[in-house]
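Let's take a walk through this model together, one stop at a time. Have the viewer open and follow along.

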Amino acid sequence: MNTAVETMQREFVAIVGASHVVSEPAACSALSVDGKAPQCVVYPASAADVTAVLRCAAELGLAVIPCRNGTKLGTGNPPRRYDVALSLKDMNRVWHYEPDDLTVTVEPGMKFGDFQHFVGRQGLWLPLDPPGGARASLGGIVATNATGPLRLYYGAPRDMVLGMKIATVEGKVVKAGGRVVKNVAGYDIAKLLIGSYGTLGVIVETSFKLFPLPAGRETFVMPTGTLSIARDLRRRILHSPLTPLRMVLLNPSAAELTLAGTPLERPVKEPEIWLEMAGSPRVLERCHGELEGLAKAAGAPLQRLASADAENVWTGISDLQSWLPGRSPGVVILRALLPDAASEELLSRAEQEAENDKALLAGFAQLGVGVLHFCLLSEAATPAVLGLIRRLRGAAESLGGVLIVERCHWDIKDRVDAWGSPGDDFAVMKKVKETWDPKGTLSPGRFLGRA
Amino acid sequence: MKPRPLVRELTRLLGPDAVLWRTEDVMLYEYDGLSVTAPPEAVVLPSTTEHVVGIVKLAAREGVPVVARGAGTGLSGGSVAMEGGIVIGFARMKRIIEIDIENLRARVQPGVVNMDLTLAVGDQGCYFAPDPSSQKACTIGGNVAENAGGPHTLAYGVTTNHILGLEVVLPDGEIIHTGARFWDRPGYDLTGFVVGSEGTLGIVTEITARLSRKPEAVKTLLAIYDDVLDAPRTVAAITARRITPAALEMMDGFTLRAVEAAFHAGFPMDSAAVLLIEVEGLRETVEDDADQIEAICQENHAREVRRAKSAEERDLLWRGRKNAFGALGRISPNYYVQDGVIPRTRLPEMLGFIGQVGQKYQLRIGNIFHAGDGNLHPLLMFDARDKDQTVRVTKAAGEIMAKCVEMGGSLTGEHGVGIEKRDLMPLIFSADDLEMMQKLKAVFNPRGTLNPAKLLPTTKMCGEIRVQISTGGVL
């Protein structure tokens, strides 16, 4: 072991104790990012630990990546440097919980599944279905503004965070926002951290606004024949009085993959719209009737699903990243963001592009939201995949959107920017980054513009 | 009176009809909804983003402050030119550039009046959700600057939840485009940071807003109480029963008598408080929710629960609520409106406390609350000509604010910090917090020439709460 590594470990042990610094290769490689493993994993137990570790790392010129279960570590450009994984696993306390105010303040390491269970006992939830699902941490969800199809009705972490505390590389804890549901005192610093992918500071506490669990939920499926029928249906549904909680369009490969291994497994030949409605039995009956009418007008049959079966499918759709790589090891996952009305058009172009390359593409479109996931399933040689990614990015951009490479082998990432090109506000973003993290301690090279 | 060189240059840039500089002209721009006044050197009325760039560059060269102004309805002094300089009035940049119903988007210039956007998309079944009480006058640019709220933010969120992207002119004249026409463009959420920054980071010249779909059904309930504390108890019970109305407003007896005298909206003159409750959604949902809410009101001793029977009745009730400040203006020469926020479960306690403060300082205090989200607007009546009353109002307001902070709340829910609360910021933010805000401000506005003396404290505060007293807005 070289001296620099020894110094670093000694310093961290002095802060968090020997049992909270781990340098075993297995532990380190479990948190490797794009082929780079950290020298050690540090497990802080408090905000004070985090600030001390960050300050120390900054002084030693080390690079730190904050994480928990690593469900989103694959997203982003390859780190320029990576010395320390800062695992927030041990920080999972609830600081403040007022169910009747619908507010809660928690540490970042708490797992989303545990959290939902905890607040669910009082009939509440944080209405998100993020990638990583139950295993995702609250800190990671906030730091990546992670959402799934539920965004249609409920919005994003951006809309649910009331305030936070952030550990800075200067060794300070900065408070943003507060604990009450409405608050415009001071700059909205929390917005900068939400979606910053661990590049500005480390979130050590977040206050959320909670929501009542819906009375009942039901899922409906509509096979749509073609994408243009799907577009027509999407318009009719979103322009009707109905307010779906979530609504997705799956191409046949996506539907078949998602259903495989569930009780609903079946061959799928046409695009399908899946949507979930909520309310009392009376409301759900009404929704059923309305959807039946809309489906009939479009010539699509309507299927109503038992909620337990459907829940599994929804989990599969919103958390592709957890199960897809297991089944298809070389899978490339792309996320396109664009004005929602062009969703079907982009899906259609993506299918065409993939077909030209004889590649298999599973497409998941979150309707009403403007988010599409493309999963490239076939094991193609790197240059071919690169070409396809670039053409798909071109298609997304020509429809007024962007395309993010969410998961792929790191040799591809070296040649295609994970985030795409920055805009004319990038100079300001760089200054924001320098303000928080002047030495490039946090996740260097990972974010937009390889900043 | 001869125009000064700065005015001459501005005139060259914009033409003579777009520059005001005579004392009697700029006087109209020296105040907003807060009482503090400061005359600008010149007021300019640009028509394009290029005009704004020209103005800002000129100001930078001359080292002159620049303050953006919408309709001047703000209640915290956000548009007052505290250090003089140039006020940019957006009255001529009021074009709705694009409406895209399928994507539920609108692109507007900052001078568009909030209500005008809602009216423009109304016949297509849409509206712009943030609905401050001043929505017939206030501009979307102003809403963005202050992160404005309104009664219906309870269910739909405040301005920031409805803004996707901005065109911003920085103090050096550079134009940047933050956000996009879709959510989550990669990079830092500069849109979210600029919304609510009270004109201290950049001049917003174009806004991409999200539109919302009108619900199928709306029901408006008026619950009438004989004991004022039963109203906030009902609010807590509704929240605890996991019902989220679209709006949940409270007015106390004092306020609603003033409102009734002014607007004849049908509020009962002899009651101690009313709740104005609105539920929206599918017909069936609305019926269920309204029934449940009515039952909760009864459990909490409502004397009567009325339902608006027509759109006219509903509009009348809302007109009363939205013009309540104005109604109080009829019965007192001045009033000071606060904007504190507390956890909603503590509303009954807070209402009791405000009553005690009123007694202690011998003041009439009207209470109008966005009760559903714990946002309080106590209105302290006084006569600014009476020094002693003014002192008592200052002290009373300070005590109420301190109580909000003690309860874990905030200084402002929707009116902004501005001049009014800048020196109270240390009550809820540490020196480190404020230093970070200062550093981030410097990223955008390094010389502090954009809307100087706002939002951040000017002095280190030493314990005593001093509030800037407003003499009453024109809402």
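Predicted model: local features only at pLDDT ≥ 70, side-chain atom pairs only at ≥ 80, totals over all residues.

Residues are numbered from 1 along each chain as its sequence is written, chains are lettered from A and ligands numbered from 1 in the order in which they are written, and side-chain values use heavy atoms, with hydrogens and water left out.

Start with chain A, which splits into domain 1 (3-89), domain 2 (94-212), domain 3 (217-315) and domain 4 (320-413); such bounds come from an automatic or database domain assignment. The centres of domain 1 and domain 3 of chain A, taken over C-alpha atoms, lie 44 Å apart.

Now find A:Tyr43, in the loop between strand S2 (40-42) and helix H3 (47-59) of chain A. Helices (H or I, at least four residues) and strands (E, at least two) are DSSP runs, numbered from the N terminus. A:Tyr43 counts as buried because its relative accessibility is 14%; buried is under 20% relative accessible area, exposed over 50%, partly exposed in between (1.4 Å probe, protein chains only). Leaving aside residues up to four places away in sequence, A:Tyr43 touches A:Val16, A:His20, A:Val22, A:Ser87, A:Lys89 and A:Asp90, contact being heavy atoms within 4.5 Å. A:His20 is 23 residues away along the chain, yet the two C-alpha atoms are separated by 4.9 Å.

Over in chain B, look at helix H1 (residues 5-14) and helix H3 (residues 49-62), whose axes come within 10 Å and cross at roughly 160°. Axes are lines fitted to C-alpha atoms, for helices over the stretch in contact, with angles from 0 to 180 degrees between N-to-C directions. That crossing makes H1(B) roughly antiparallel to H3(B) (under 35 degrees is roughly parallel, over 145 roughly antiparallel, 65 to 115 roughly perpendicular, the rest oblique). Among the residues making the contact are B:Leu10 and B:Leu13 of H1(B) and B:Ile55 and B:Leu58 of H3(B).

Last stop: in H10(B), residues 283-299, the buried residues include B:Val286, B:Ile293 and B:Ile296. The buried residues of this helix pack against helix H11 (281-298) of chain A, and also against S12 (217-225), H8 (230-240), S14 (273-281) and S15 (302-307) of chain B. After H10(B) comes B:His301, with a positive phi near 65°.

Terms used
Expected span 1.5 Å × (residues − 1).
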